[in-house]
Structures are given as structure tokens and as C-alpha cells.
Amino acid sequence: MITPLSYILWNPSLTIGPFRWYGLCWMVGFVVAYLLVRKQYREQHIKDELFEPLFIYCFIGILVGARLGHCLFYEPDYFLTSGKGVVEMFLPIRFLSDGGVKFVGYEGLASHGGTLGLIIALWLYVRKTQLNIWQVLDNIAIATGSMACFIRIGNLMNSEIIGKVTDVPWAFIFERVDMQPRHPGQLYEAIAYALLFCIMWWIYRREMAATQHPTPNTHHPKIGTGWYFGFCLTYIFTFRFFIEYTKEVQEAFEEGMLFDMGQLLSIPFVAVGLYCMIRAHKTH
């Protein structure tokens with residue numbers, strides 16, 4: 001018989017020294033992705049001056065896309081019905097009822113919006129650098145799992161995006177939320193994204209080795225065909241679709257829906273991912 005003592009009590013501090021855990025995890029994930037893609041660019045003999053602006057585009061694209069995605073998809077009634085709401089959508093502040101203003105950071109970032117913002121930013125980057133769009137998308141896709149993993153760890157440290165009540169022995173009791181055992185959905189996603197990175201990095205290293213020492217009758221996905229990008233989208237958003245069944249709904253309007261907003265937004269990304277993989281197979 002499982003007792004509450006079997007569960008994991010979870011109430012970490014929101015900060016570590018002067019840093020908030022979520023911001024620190026986001027920064028670490030971004031730096032890791034930066035180093036990985038820089039290594040890829042150098043292996044593929046892409047000029048350093050073409051690499052340097054890449055992560056400015058990525059940073060802005062992800063942040064703006066994730067913020068707008070949350071505001072437009074999950075809380076449009078709040079952010080689009082008043083001038084103050086529109087201001088709060090773009091600035092990390094909250095207007096108080098007494099007329100004051102409080103700095104709160106960006107409370108609400110949506111991964112679907114961040115992905116779309118990143119794709120748009122990469123398209124703008126390619127227009128400027130004249131690099132192959134599929135090569136850029138593939139390189140970013142390989143590093144994506146590492147950053148996504150750290151972001152979900154940040155969500156776990158914040159006790160946010162909690163799972164549904166459950167009696168599984170690895171359930172977390174998020175003391176900051178309530179005292180009920182719940183699925184650690186953030187941890188499930190972090191593990192899945194870490195596994196995604198390991199798979200894609202292993203495939204990529206095999207491709208690099210095959211390029212240097214080709215052998216007959218061996219075929220590897222090629223950087224620049226869009227296969228890595230397609231696999232990344234298909235893996236992440238297929239997993240995201242099913243993991244939603246373990247999560248509490250984020251907004252009241254999702255109650256009673258056959259599929260929640262996260263699932264509905266995942267479907268087109270999976271379709272695009274499958275298309276890219278099929279296209280890569282046909283053109284390779």
C-alpha cells in the first residue's frame with residue numbers, strides 16, 4: 001500500500017543566490033545550445049562571422065514568440081481587452097489596482113509560440129546570411145532538446161505546469177500548490193527532451209564520422225535536408241500531445257474540451273515535422 005510518505009515532497013527555493021531557478025535554467029540551456037551549434041558550424045566549415053548573429057535572432061525569436069503565444073492562445077481575454085493588458089503583454093510588469101506598477105517578469109511563456117517565433121527568426125537570419133535554410137534548421141534542431149530539457153527543469157523548480165492528481169509512487173507533492181500527489185509532468189518532459197538530444201547528437205556524430213570515413217551501403221540523415229528539423233518537431237510535439245493527458249489544464253476555458261490548447265497547437269507542428277522528414281527522404 002502506498003502512503004503519502006512514499007511521495008516526493010517538493011518545495012525548493014525559487015532562487016539560488018541572486019538568481020531565480022527558472023531564469024538560471026533558461027540561461028544554462030541557452031549557453032549549452034550556443035556551444036553545441038558553434039561546434040556544428042565549425043565542423044561544417046561555416047564562417048564564424050555568420051554564426052555570431054544567429055543566437056541574437058534565436059533569443060529574440062524564442063522570447064517574443066513564447067510570450068505572444070501564451071498571451072494570444074491562453075489568455076486573450078485578459079491581454080487583448082484593455083490598453084494595460086496590451087502593455088503587460090510586451091513589458092514584464094503588472095499594473096496594480098492602486099495605480100502602481102510591479103515588476104513581475106514574463107509570467108507566461110508558451111513553447112508552441114516560442115517554436116514558431118524561432119522558425120520566423122531563423123528565416124530572417126537566413127535572408128541576411130544567405131545560408132541554406134535547411135542546414136540552419138537542422139543544426140538548431142540538434143541542439144533544441146538540450147535547451148528544452150533545462151527549461152522544463154526550470155518549470156519543475158518553480159512548481160508550475162503541474163500534473164494531475166495520481167497515486168503513482170513517484171508522484172510529487174508540490175507544497176507551494178497543494179498537498180496532493182501529482183504527476184511531475186515537467187520531469188517527464190525534461191527526460192524526454194534529454195533523450196531527444198542524445199538520439200539526435202548520436203545520429204549527427206555518426207553522420208560526421210561517415211563523412212570523414214565513408215563506407216559503402218551505409219546511409220545517414222544529412223544535415224541540410226531538413227530531416228533533423230522534421231524529426232525534432234515530430235518527436236517533441238507528439239510527446240507533448242500525449243503528455244498533456246497527465247497535466248492539469250492551464251486555463252478554465254480548456255475544461256471539457258476533447259483536446260486542450262496544448263494538444264491542438266501540437267497537431268500542425270507534428271504535420272510539418274512529418275512533411276519535412278518525408279521531403280528529406282525523397283531528396284536524399
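Here is a short chat about a few helices and one cysteine in this predicted model.

Guide: Local features here need pLDDT of at least 70, side-chain atom pairs count only at pLDDT 80 or more, and totals for chains, interfaces and linings use all residues. Residues are numbered from 1 along each chain as its sequence is written, and side-chain values use heavy atoms, leaving out hydrogens and water.

Visitor: Why is Cys 71 called buried?

Guide: Buried means under 20% relative accessible area, with a 1.4 Å probe and protein chains only. Cys 71 has 0% relative accessibility, so it counts as buried. Its place is in helix H3, residues 54-73; helices are DSSP runs of H or I, at least four residues, numbered from the N terminus.

Visitor: What is Cys 71 in contact with, leaving aside neighbours within four places in sequence?

Guide: Pro 76, Phe 79 and Met 89. Contact means heavy atoms within 4.5 Å.

Visitor: How do you know that the span of helix H6 agrees with what it should be?

Guide: The expected span is 1.5 Å times one less than the number of residues. H6 (residues 111-129) has 19 residues, so it should span 27 Å, and its end C-alpha atoms are 26 Å apart, which agrees. Just after H6, Gln 130 takes a positive phi of about 65°.

Visitor: What covers the buried residues of H6?

Guide: The cover includes helix H1 (21-43), H3 and helix H10 (261-283), among others. Those buried residues include Gly 113, Leu 118 and Tyr 125.

Note on methods: Helices (H or I, at least four residues) and strands (E, at least two) are DSSP runs, numbered from the N terminus. Buried means under 20% relative accessible area, exposed over 50%, partly exposed in between (1.4 Å probe, protein chains only).
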